[in-house]
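Here's a quick tour to read with the structure open beside you. Keep the viewer handy and click along as you go.

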Amino acid sequence: MGNSLDLSVYLNDPLFVFALASEEAEQFIQYNPLIVGVGKVNAAIGLSKYLHQHRPGIIINLGSAGSSRFARGEVVCCNRFIQRDMDVRGLGFQLYETPFSDHGPLLEYGLCIEALPQGICGTGDSFEMQHLTEDYDVVDMEAYPLAYIAKQENIPFLCLKYITDGADETAGADWTEEVHKAAMAFRKLFGVATVTPQ
């Protein structure tokens, strides 16, 4: 991953959002991170409840993900999102399209850090262990609703995913072994130790 990036510009009143405490591992504790839980519903509820009382300068989603394209240990920046478990083609809609909504299957929102690889994040309520499509190349369970809510609320959004597994038959064992490394990778990337929260 190389040297840390100058991301201090993004740390003015940030809200760091993680699905699990194990992904944060008390490395961002000084920023009072929000732990929302696993899955799209928990992510949407957790962020919505927070925004009901607070409006951060930026929402930063950090978490683990699988990928058949990117290597384990890479940090990937995502600003394009798909609901990979949304399938209403039986009623004439496109794959991944939410019926009767004002947007298509691909949600595009968020900051792009050019020094990092860019990915399309497929969010769904399943732990994917047989990734066969090229429609998305990063697999998670929370990013889509976080990005959607940030866009609706017109709050800047940054999504970074630490690749723990290949979204394949060994994904469960690989995720268990690798997830604890995510927090240190993110801390190194942000240079959290040298940044004072506003």
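What follows is a short walk through helix packing, aromatic contacts and a few loop residues.

Bear in mind that this is a predicted model. After that, have a look at the aromatic pairs, of which the structure holds nine.

**Helix 2 against helix 3**

- As for handedness, the crossing of helix 2 and helix 3 is right-handed.
- On the helix 2 side, the contact is made by Lys 40, Ala 43, Ala 44, Leu 47, Ser 48 and Leu 51, and they meet Pro 145, Leu 146 and Ile 149 in helix 3.
- Sort the residues of that contact by type and you get seven nonpolar, one polar and one charged.

**How helix 3 sits**

- Helix 3 is largely enclosed by the rest of the structure, because seven of its ten residues are buried.
- The buried ones in helix 3 are Ala 143, Tyr 144, Pro 145, Leu 146, Ala 147, Ile 149 and Ala 150.
- Step just past the end of helix 3 and you reach Asn 154, which takes a positive phi of about 55 degrees.

- Phe 16 belongs to strand 1 (residues 14–18) and Phe 190 to helix 5 (residues 182–190), so the pair ties together parts 174 residues apart in sequence.
- Phe 16 and Phe 190 are both buried.

**Loop residues with a positive phi**

- As background, most residues other than glycine have a negative phi.
- Asn 32 isn't a glycine, yet its phi is positive, at about 50 degrees.
- You'll find Asn 32 in the loop between helix 1 (21–24) and strand 2 (34–35), and with 60% relative accessibility it counts as exposed.
- Phe 100 is another non-glycine residue with a positive phi, near 60 degrees.
- Phe 100 lies in the loop between strand 4 (75–83) and strand 5 (106–108), and its 74% relative accessibility makes it exposed.

- Val 38 is in the loop between strand 2 and helix 2, where it counts as partly exposed at 39% relative accessibility.
- Setting aside neighbours within four places in sequence, Val 38 is in contact with Ala 19, Leu 20, Met 141 and Glu 142.
- Val 38 and Ser 126 are 88 residues apart in sequence, and their C-alpha atoms are 10.0 Å apart in space.
- Pro 99 is in the loop between strand 4 and strand 5 and counts as partly exposed at 23% relative accessibility.
- Again leaving out neighbours within four places in sequence, Pro 99 is in contact with Met 86, Val 88 and Phe 93.
- From Pro 99 to Asp 140 the separation is 41 residues in sequence and 22 Å in space, C-alpha to C-alpha.

Technical notes. Residues numbered from 1 in each chain as written. Predicted model: local features only at pLDDT ≥ 70, side-chain atom pairs only at ≥ 80, totals over all residues. Heavy atoms only, no water. Left-handed = near helix turned anticlockwise from the far one by under 90°. Helix = DSSP H or I, 4+ residues; strand = E, 2+ residues; numbered from the N terminus. Contact = heavy atoms within 4.5 Å. Nonpolar A, V, L, I, M, F, W, Y, C, P; charged D, E, K, R; others polar. Buried < 20%, exposed > 50% of the residue type's maximum accessible area, 1.4 Å probe, protein only. Phe/Tyr/Trp six-rings, centres within 6.5 Å; stacked < 30°, edge-to-face > 60°.
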